[in-house]
Structure formats: structure tokens, C-alpha cells
Amino acid sequence: MDQSTFQQWDAQVTQWIDEARENILAHFDEPLSIEEKSGRRDLVTQVDKENEQRLVAHIRQADPDAQILGEEGLGDHVTETDGRLWILDPLDGTMNFIKQRDDFAIMMSLYIDGIGQAAWLYDVMGDRLFHGAKGIGVWLNDRLMAPPANLPLSEGLASLSGPLVRHDVDHMQAIGAASLGMRIIGSAGIAFTKVLRGQQVCYISYLRPWDFATGKILAEELGLVVTTVDGQTPSVLSYSVVVVATKQAQQDIIAMQA
Ligand code: 2AM
Ligand code: CA
Ligand code: CA
Ligand code: CA
């Protein structure tokens, strides 16, 4: 994608995200309608669904030939990545939204023939939009971001996920112990932003496509690496343990795998 194509999409998508933010804020003081998906920690509200419905409608109008993969299933049933594919998470960190009204994000990105092209990751309460395109750069709001320092695990904070810590406690404890400290944020999107900004050297979590597709484009553009825990390229259509990290921290984490 060339710079002017990115700028055209950026202007449109930024408006859609603003509208999604307004919708979230409009529900702040009302009781939410909350449903369980796979269990008591996996929740969805009417706000997740409304946001997805609106974002899908905008994409359909602006890019009618594209496929759409959205968490709440209001897009398409996507089985291959050929052609244009939008991947979106209309509200990432639903539990944080419900319990904290803080630390949640909106994420969307465009893939073409399986290759990430452009991405928008919005930290709603921090009012920080991380946006950029492959080969063009990443901006935090209107400021061009520099690649974060390539620190090893021993010199940074490690962001982990609650489910991984519960299910793979020894391995996660070892990674945490090798770092300067563990953090659990509860939103994949917000955790990605910490690594993009150089505040944390890695984030490790079980992630679905909409949880990492957007952050992956931004991270790689800033010289970070996004792999599975054994160093492979994660498929944007499957569920895996994903590591986003500095190059050095990723090597340290893979070495602890055995
Ligand atoms: P979500 O809020 O969009 O569902 C919480 O640890 C983080 O992991 C959030 O970013 C959450 O995204 C994501 N996640 C992925 N799979 C999940 C699941 N089965 N239950 C809860 N959160 C999940
Ligand atoms: Ca969810
Ligand atoms: Ca998510
Ligand atoms: Ca979500």
C-alpha cells in the first residue's frame, strides 16, 4: 500500500473509530447487557455487538469486495486469506470494560493476500491511536513512533495473560522470574501498545486472530517480532500462544521453551 492510499484509509477508519468510542462512552453510566460466551470470564455486551455491527457496515460500504473477520461473527465466515481481508475486534478487553471502565481497545486491520498492510489500534480511555502501514511507519496519534530499544528479557517488564499463567504456571513463572517483573493487563490490545512503546519487552498470551492481527502489523513495522511460543509465524486464521517481543526478548523466551 502506498502512502496516499494509507492516508485515505486512515482518514476514514479514524472517523469510524471515533464513532465507536462515542458509542462506548454513551453506555458508560447505564447498566450493560452482559452475556456469557464460553464461560464466566468470557463475556460479551451489547456494546461489543453494536460496535462490530457499525464497523462492518462501514467496511462493507467502503470496501465492498473485502472479506471481514470480526470477533462477534457479524462479518463473514472466513476460511482463507486470499484477497482483501479486514480483521476486527470491536472491543478488546471486555472484562476490563465491564469491571474497570478502563484498559480496553478497538482494533482493526487490513490484510491483502495474507499480508498485513494497515492497522489501527485505539486505546479508548488513554485516547491513544496507534496507526500505521507496512513499509510506511507507525504513528501514536499524530507523532511518528521510533522503534523501541531491543532489550533482553532480563532488562524489561514481561506482560503475561491470566489464562496462560493459570494453565502453564511453571513456564510463565520462569519467564516472569527472568524478567524485571510480570504484568497482567487484561487486554491484548493494550498489552501490545506497551510493547510498541517500549514500556514492556514482551507480551505472551493465547490469542485469536482479532486479538493479534492488528498489533502484529504495527509491531513488525517497529522492528519487534510476533511469533508463536516456539518461534513460528502465527496464522492470522488460527488460535495460538502468541509472543510479541523485542528480538532479544523473543530469543530469550524461545530458549526457555525446552
Ligand atoms: P476480548 O476482551 O476481546 O474477548 C484477556 O485476557 C484478553 O484476552 C482480552 O484481550 C480478550 O479479548 C482476550 N481473550 C481471548 N480469548 C479469550 C477468552 N476465551 N476469554 C476471555 N478473553 C479472551
Ligand atoms: Ca470477547
Ligand atoms: Ca480481543
Ligand atoms: Ca473483543
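This is a predicted model: local features need pLDDT of at least 70, side-chain atom pairs count only at pLDDT 80 or more; totals for chains, interfaces and linings use all residues.
For the contact, I got 30 residues from domain 1 and 22 residues from domain 2.

**Domain 1 side of the contact.** I checked which elements of domain 1 touch domain 2: β3, β4, α3 (94-100), β5, β6, β7 and β8 (137-140) each give at least two residues. By class, I get 15 nonpolar, 8 polar and 7 charged residues on that side.

**Sheet.** I then traced an open sheet of 7 strands, with mixed pairing and the order β3-β4-β5-β6-β7-β8-β9. I zoomed in on β6 (residues 115-123) and β7 (residues 128-133), which run antiparallel and are joined by 6 bridges. There, Y122 faces L129 in β7.

**Helices on the sheet.** I looked at what lies across β4 (84-92), β5 (105-112), β6 and β7, and found helix α1 (residues 3-26), at about 35° to β6. Helix α6 (residues 188-196) lies across β4, β5, β6 and β7 too, but runs at about 100° to β6.

**Ligand 1.** Which residues come nearest to ligand 1? Of the 15 around it, I have D42, D92, T94, S187 and A188. The shell comes out as 1 nonpolar, 7 polar and 7 charged residues. I also checked where the shell comes from: domain 1 (3-144) and domain 2 (153-255) each contribute at least three residues.

Definitions and conventions
Residues are numbered from 1 along each chain as its sequence is written. Chains are lettered from A and ligands numbered from 1 in the order in which they are written. A residue is near a molecule or strand if its C-beta atom, placed from the backbone, lies within 6 Å of it. Ala, Val, Leu, Ile, Met, Phe, Trp, Tyr, Cys and Pro count as nonpolar, Asp, Glu, Lys and Arg as charged, and the others, Gly among them, as polar. Domain bounds come from an automatic or database domain assignment. Two strands pair if DSSP finds at least two bridges between them. Helices (H or I, at least four residues) and strands (E, at least two) are DSSP runs, numbered from the N terminus. Two residues are in contact if their C-beta atoms, placed from the backbone, lie within 7 Å. Axes are lines fitted to C-alpha atoms, for helices over the stretch in contact, and angles run from 0 to 180 degrees between N-to-C directions.
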